[in-house]
Amino acid sequence: MPVWLKATTAVVAVVLVAGLAFAGFWLFRLQNNISKAPLNAGGEGTESPVSDATGRMQILILGSDTRDGKNSEYGTADDSTGYGKSDVMMLMDISEDNKRVNVISFPRDLLVDIPDCKDRKTNKDFPARTGVMINEAMSEAGIGCAVDTVNKLTGMQVDHFMMADFNAVKELSNAVGGVEVCISDAVYDPDSRLRLPAGTSSVQGEMALAFLRARHAYADGGDLGRIKAQQSFLSSLTRKIKDEGTLSDPAKMLKIADVVTQNLTVDDGLASIPTLLTIGNRLKDIDISKVAFVAVPTTPAPVDPNRLVIAEPAGAQLFSAMRKNVDLTDPTAPTTPAPSETAPPSAEPTETATPAPTYNKAIQPVTVANGSGVAGRAQELVQALVAGGFTQTGQFVAQPVGKTAVYYGNGFADVAADVAALLGIPATLMIPAPAVTGVQVYVGSDFTTGTTFGAGSGGGAAALPQDIVNQTAGDKVCQQANPDLIVRQ
């Protein structure tokens, strides 16, 4: 072999070995950065594992308020008991065709029912609780309990979770060179330490964290204003990463991956660098106008105006649309209903002979919400329900809606099925709604006459609430400042 060829071969071999060693070093480093925890805390999933590359995927994103280690400057360990609370809770829903992403935010003040959970580290059981702030779900039994709570609330199944702490926000914003945010007026919030001039600013490090943590700095002075600020921040971050080609630049990706994985806890199924890279690759070509940011519809809680509950029927409509894989940015786009929507979740296969109800119809709470726009419509349907044996009925005038639906609370799927059948309402219009007591027939403008739902109107899903999408990643939104915290110049 000629000397020059030997030399060339040697150089190529050295380069290849060095490249493999470099790749191996980064893979080893990134892999060892990751912390992991169980996906569930008792409520095991019923669906097959999703494909990381092609399957529709739900990832629960959590921001922990833990004050351990690098986060100790934000308070003492007593400020964050157990596993900590989730300051941020978002459900990221990636479509199977990799063309859409929905990001659903849950306010931390939202009162929900938390299911039975088991701490997988200690094997200690925690009983179910009712009317508890959603950010407490993981504080006792771990992150898996937050996952189970979201599964119960939405009727969906979370495939993975990612949890980051305060330090992750600072490090990530530094790694990308700052994120642009906007606020209507110069503001200073002493609680979060947020200080910004009016208009657009680039924030990173402590100021980026302050922008995300602030509650009082924004117009409503509460959690809903903070959610909009968080969504605006993520929209801006998405645009920056897309515009700068970060997802296609190995050097930039390694830098960000190193920062993120040092401050990240994920479930066992997500705890590998190849899996994270596969999911990242799914996101790189999505049109930012199809990245929709949504806040769960809420209303002040009757028991405490400083807390929130799911607003119905808007909440149930949102969760139903998500289960049916509806494009939230264009609800009129065709979609294929998920199999779980063709019948109530707890319905058993029907036999040749219809079995008698296993409950007493006379004591089941059934209400009729008249959203049809026709006066007296509810009374007509109540009479039909009473004649059918449902004598514990109620009625009220509700906000007008276009489509009829039957909402049912936990444990009332069989009652709802019989109520729907009595009125000729298809099973596809039955929607689980944990906030509803018993069964509620919400009558829309598609059911204005008679006591049997029209055959021509039975196929559609419940309408989505108006303006359910706060913004897409393509929108540049300026937050309104709290008048009490505006700095006069």
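Reply: Helices (H or I, at least four residues) and strands (E, at least two) are DSSP runs, numbered from the N terminus. This is a predicted model, in which local features need pLDDT of at least 70 and side-chain atom pairs count only at pLDDT 80 or more, while totals for chains, interfaces and linings use all residues. Residues are numbered from 1 along each chain as its sequence is written, and side-chain values use heavy atoms, with hydrogens and water left out.

Beyond its neighbours within four places in sequence, the contacts of Asp-109 (heavy atoms within 4.5 Å) are Met-133, Arg-215, Asp-223, Asn-306, Arg-307 and Leu-308.

Searching the whole structure gives 2 cavities of 30 Å³ or more. Here a cavity is a set of points, on a 1 Å grid over the protein atoms alone, where a 1.4 Å probe fits but cannot get out; lining residues have an atom within 4 Å of a point. Grid points are joined across faces, edges and corners, and a volume is the space filled by probe spheres set on the points.

The largest cavity has a volume of about 60 Å³. In class terms the lining comprises 5 nonpolar, 2 polar and 4 charged residues (Ala, Val, Leu, Ile, Met, Phe, Trp, Tyr, Cys and Pro count as nonpolar, Asp, Glu, Lys and Arg as charged, and the others, Gly among them, as polar).

The second largest cavity, of about 40 Å³, is lined by Ile-114, Pro-115, Cys-117, Phe-126, Pro-127, Arg-129, Ala-137, Glu-140, Ala-141 and Cys-145. Helix α2 (residues 137–141) provides the largest share of that lining, 3 residues. Its classes are 8 nonpolar, no polar and 2 charged.

Two of the residues lining the second largest cavity, Cys-117 and Cys-145, are joined to each other by a disulfide, with an S to S distance of 2.1 Å (a disulfide is a pair of cysteine sulfur atoms within 2.5 Å). Cys-117 belongs to strand β6 (residues 117–118) and Cys-145 to helix α3 (residues 143–154), so the bond ties together parts 28 residues apart in sequence. This disulfide is right-handed, because the torsion about its S-S bond is about 80°. Cys-117 is buried at 4% relative accessible area, and Cys-145 is likewise buried, at 3%.

In total, 2 disulfides are found in the whole structure. The other joins Cys-182 to Cys-478, S to S 2.0 Å. This pair links distant parts of the chain, 296 residues apart: Cys-182 is in strand β10 (residues 179–183) and Cys-478 in the segment after β23 (469–472). A torsion of about -70° about the S-S bond makes this disulfide left-handed. Cys-182 is buried, with a relative accessible area of 14%, whereas Cys-478 is partly exposed at 31%. With the bonded cysteines numbered in sequence order, the pairing is 1-2, 3-4.

Definitions and conventions
On a 1 Å grid over the protein atoms alone, a cavity is a set of points where a 1.4 Å probe fits but cannot get out, and a pocket is an open set with protein on both sides within 12 Å along at least five of seven lines; lining residues have an atom within 4 Å of a point. Buried means under 20% relative accessible area, exposed over 50%, partly exposed in between (1.4 Å probe, protein chains only).
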